[in-house]
Amino acid sequence: MKKSFFIFLFGIFSLAATVAQTVVKGSVLDAASDEPIPSVTITIEGTEFSTETDANGEFSFTSNVPLGEQVLVVEKLGYITKRYPIIVNEGKTVDISGMMLDIDVTESEDLFLVTLTDDELNDDTGGADNISGLLQSSQDVFQNTAAFEFSSSFFNIKGLNSENGTVLINGIEMNKLFDGRPQWSDWGGLNDVVRNQELAIGLSPSNYSFGGVLGTTNINTRASQYRKGGRITYSSSDRSYTNRVIASYATGMMNGGWSVTAAVGRRWGDEGFQEATFYDANSFFLSVEKKLSEKHSINFTSIYAPNRRGKSSPNTQEVYDLKGIEYNEYWGWQDGEKRNSRVKEVNEPILMLNHYWDISPRTTLNTNVAYQFGKIGNSRLDFPGGANPSPTYYQKLPSYFLADPDGPDFAGAYEAEQEFLTNGQLDWNRMYDANITNNASGLPAAFVLYEDRNDETQLTANTILTSDITDNITISGNITYNKQKSENFAEIIDLLGSNGYLNNDSFDNIPFDLRNPDEIVGEGGKIRYNYDLYSDIISGFAQAQFKYRKIDFFVSAMASNTTYQRDGLYENANYPGEGQGGSFGKGRELSFSGLGGKAGFTYKISGKHLIDVNAAYITKAPSLRNTYSNSRENHAIVKNITEEKINSVDASYIFRSSKIKAKLTGYYTKIEDANEISFYYADGLVSYGIGNEDGTTTSETSAFVQEILQGIDKRHIGGEFGIEAQVTPTIKLKGVAAVGQYTYDNNPNLYLTSSDFTDPNGIDLGQASLKDYKLSGGPQTAYSVGFEYRDPDYWWVGATANFFDNAYVDVSPLTRTRNFYSDADGLPFNDYDPELARQLLKQEKFDDYMVVNLVGGKSWKINDYFVGFFASINNLFDEVYKTGGFEQGRNANFRELRDDASNDKPVFGSKYWYGRGTTYFLNVYFRF
């Protein structure tokens, strides 16, 4: 009886506690469709209480809820932020279900997305590798500004390339194994259906992946998560493409548990800002979801975005001075049309199947399988039997004649200048004529157009578990398996009137494939190199997040194993045989281990003041690109290769109120044991032996080399600041600052390899004196100030002024080694001048500049329909500025560089990229 009495008392007290609980709960709906909106941020203004709506648009606060008059701030990107006043009484429940959010019809997100053009995001050069700006659209003013205002200057957040951020689609990683970077154009032109994104900025935790130093972006293409309705858009621009049409429609959840979202688009243009940079891209998207039960759903996604575009060339200052910043050396006239010889084609469909299992109201299991296949091709000219057809070949420019060892040849320089000004483009007719002449003589092609191909097939499977084990603790983790085969070869795409191509190295007169010597190849045939790369990765991560009234914190760990193997399908004549010293068959299997850990906390001083601190240590496998020293010719692996190490820490102070949001961040990132591989022709090398047919050896000082820079350490340190102030209901002011210092932090080892060298181990030049040289990759200092006016009558206008400084040319490591001061006999030059050498090796700093951008638009709501337009003008005052560049490695020693630099116009000066002049973008849309 006593036991029953205590049970009775326990029940009474439990009931009383339940009744006495203070709760604020509710739901958020789309005002146009009445559909629930997930991932809406709900904040009790002026407090540290913040949460997000679930898949049903619902939320709740149940612990230590502040009493009295409060304001709920309800916000999500793409909707107008609203504030709801409430009164919270102790022991009572405030139910504010059915809060409506109106679509922000003046949203400019689409404008910013399309200004990040594919040629900026997809260029093959490091100098043009952009931040993941296409996807980093958030409510953080610094992130938005960095992505949208700074991107045209190739600014990199924290000075880091996009390989340091992880991009996912439905939990499947999209970063390429070849270079670690996302292939943006695989989903290009599908803005309307890649908006549903979950962002984890920097080292903050993500439920989907351990992520990188720049964070994690997960694109959600689940059909039921799209807002019901459709959109048709037409755009016009003079940046990369000139026309764009895209249409999309989402059904929402239909009877029978089906949801469908589809999109189709096209982008095209004969020429962008640079000459002959045509654009031809189509985009298709389909997502179908079937809700099997209350707990299970299956979603199928297919993405197909084939695209072709003409590339533009980096040029020396001499070329820009003669032809202007729109000049592009890669094209020439053919049959009255501009034909570009350098075309990038990407054709990689993505197929994905996702299973969503709500194990319980607190636990979900997401299992995914993705298959991607297709090709990436980059075309270029080969001239085995002809002269270099490039109009900017150094022997065709005025500087070559002015640098004549016998004295300046002014007449030759003038003739070269006039020829370049008058013509200065590829001569396609001359190449056809040369091939026709060779046909008549029974000779193979003098010129052909071929394509460097990378045909990948990739299968990825993973499972992601997320569980709220209590109101305060969330655990998550995943296991992922990735298997890839990459076929690499060159393929003839146009014989240019020839009868066939002789698959031999024309310089050494030896076959590219010993097993098929003197082979004549036609269009569609493989030439020069042919090999496969195999990759297998298994990885996993686990994470725990803790959220309390005054502090949130997390810990996360990951582990991975990566294997690479090369399979040579050609036996290169310079590297005969199988095994590690050869080129044919399977090389050694390489294995790398990855480990990582990160942790962080957010301390809520008050609802307005927060401190956020994060730290991480990561080891990861080197990319395929930087693992093999010359995978096109042999099995050789970078000497002493090991995993890359990354240490990173950041600390932020955050202020947020109803009118002002601000964030100040300091960060430090150290990268260790990185590798970089470059290919170029060098003059002035320390003497090396080249074997002759009679068995003798000749000393040479010029060669086409592979430069392997090994064991690189880099340091990234700096600060970021962003502030926005809603000074009136219609006017918002914003300011951003990024100040960094990104440098080499050691003197890495450098060695050269070449098929010309008799020593298969190459030439080890020891340390390259790079410590404290600045890293290239955009400006290290950037500022932005701007305003935005949004009229209640749905028109809006904005302007920003953006200032950039401390951008540097990419230095040549070879000239910072002993090769620079060594004569052909290996001894120092007898005329070496250390003071002059310091001047010659001083890193070029680009001029600072300011870019002003304008944007504005107008929208109309007609019943349940929206019609609108917006337009932008970028670089309003037509500022001319360099966005990047690199020193040519041709002048490899002191004498070569001294003599060339003494000329008014160096023959082998640095090559640069320039930013665009004044450009426009116009967008008209109809949403229903």
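Two strands pair if DSSP finds at least two bridges between them. Strands (E, at least two residues) and helices (H or I, at least four) are DSSP runs, numbered from the N terminus.

The model is predicted: local features need pLDDT of at least 70, side-chain atom pairs count only at pLDDT 80 or more, and totals for chains, interfaces and linings use all residues. Residues are numbered from 1 along each chain as its sequence is written, and side-chain values use heavy atoms, with hydrogens and water left out.

View 1. For 928 residues, a compact globule would have a radius of gyration near 30 Å, and the chain agrees, with 30 Å. That radius is taken over C-alpha atoms, and the globule rule is 2.2 Å times the number of residues to the power 0.38. Of the 928 residues, 54% are buried. Buried means under 20% relative accessible area, exposed over 50%, and partly exposed in between (1.4 Å probe, protein chains only). Contact means heavy atoms within 4.5 Å. Among contacts between residues at least 6 apart in sequence, 70% join residues at least 24 apart.

**View 2. Strand β8 (residues 165-169) is largely enclosed by the rest of the structure, because five of its five residues are buried.** In a regular strand the side chains alternate between the two faces of the sheet. Here Gly165, Val167 and Ile169 point one way, Thr166 and Leu168 point the other way, and all are buried.

**View 3. Strand β8 pairs with β11 and with β9.** Strands of a sheet pair through backbone hydrogen bonds, either parallel or antiparallel. β8 and β11 (residues 215-219) run parallel, joined by five bridges. Gly165 stands opposite Gly215 in β11. β8 and β9 (residues 172-173) run antiparallel, joined by two bridges. Leu168 stands opposite Glu173 in β9. Two residues lie between the strands of the β8 and β9 hairpin, where Asn170 takes a positive phi near 50°.

**View 4. Asp518 has a positive phi, near 55°, and is not a glycine.** Most residues other than glycine have a negative phi. Asp518 is found in the loop between β28 (510-511) and β29 (520-521). Is Asp518 buried or exposed? Asp518 is exposed, with a relative accessible area of 51%.

**View 5. Asp772 also has a positive phi, about 80°, although it is not a glycine.** This residue lies in the loop between β40 (763-767) and β41 (781-790). Asp772 counts as partly exposed, at 48% relative accessibility.

**View 6. Three strands form an open sheet in the order β18-β46-β45.** The pairing is antiparallel. β18 (315-316) and β45 (882-886) stand at the edges with a single partner strand each, so one side of each is left without a neighbour in the sheet. Four bridges join β45 to β46 (residues 911-914) in the antiparallel sense. Phe886 stands opposite Lys911 in β46.
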